[in-house]
Amino acid sequence: MMAQLPKSAQSKLAQFLGEDSNSSILNQISQQPFPHREPIKHLLIGSPKAVTSTIHYLQVIGYASVGDWSPLLPTANPAEVMSILTRSILMQ
């Protein structure tokens with residue numbers, strides 16, 4: 001999933017998401033008092049082309065799959081849409 005990123009970026013992203021099996025990161029997490037997950041919402045608003053392009057880019061860099069985002073939803077502004085992604089991130 002994150003093979004395209006340099007190792008340092010992979011490590012930071014995995015730590016942010018709490019999805020790394022690296023024992024040093026797991027040790028850091030286990031030493032923190034009561035780590036837990038919190039939801040965070042990402043909202044993209046723009047033209048359908050800009051929103052779709054950004055969603056695809058976030059998949060390419062390994063942050064979120066295209067299918068994780070909501071369908072494109074119209075906004076009150078003509079020719080503008082939005083899409084929402086909810087993730088749970090590890091809080092320390």
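Helices (H or I, at least four residues) and strands (E, at least two) are DSSP runs, numbered from the N terminus. Where pLDDT is low, the predicted coordinates should not be read in detail.

A word on ground rules: local features need pLDDT of at least 70, side-chain atom pairs count only at pLDDT 80 or more, and totals for chains, interfaces and linings use all residues. Residues are numbered from 1 along each chain as its sequence is written, and side-chain values use heavy atoms, with hydrogens and water left out.

On to the sheet: three strands make an open, antiparallel one in the order β1-β3-β2, where pairing takes at least two DSSP bridges between two strands. β1 (36-46) and β2 (73-74) sit at the edges with a single partner strand each, so one side of each has no neighbour in the sheet. Two bridges tie β2 to β3 (residues 81-91), with Leu73 partnered by Met82 of β3. Helix α3 packs on the sheet, touching β1 and β3; contact means heavy atoms within 4.5 Å.

Ser83, in strand β3, counts as buried because its relative accessibility is 0% (the cut-off is under 20% relative accessible area, with a 1.4 Å probe, protein chains only). Its side chain reaches the backbone oxygen of Ser70 at 2.8 Å. Leaving aside neighbours within four places in sequence, the contacts of Ser83 include His42, Val51, Ile55 and Trp69.

Notes:
Axes are lines fitted to C-alpha atoms, for helices over the stretch in contact, and angles run from 0 to 180 degrees between N-to-C directions. Buried means under 20% relative accessible area, exposed over 50%, partly exposed in between (1.4 Å probe, protein chains only). A polar contact is a pair of N or O atoms within 3.5 Å; within protein, one must be able to donate a hydrogen and the other to accept it, and residues adjacent in sequence count only if both atoms are side-chain atoms.
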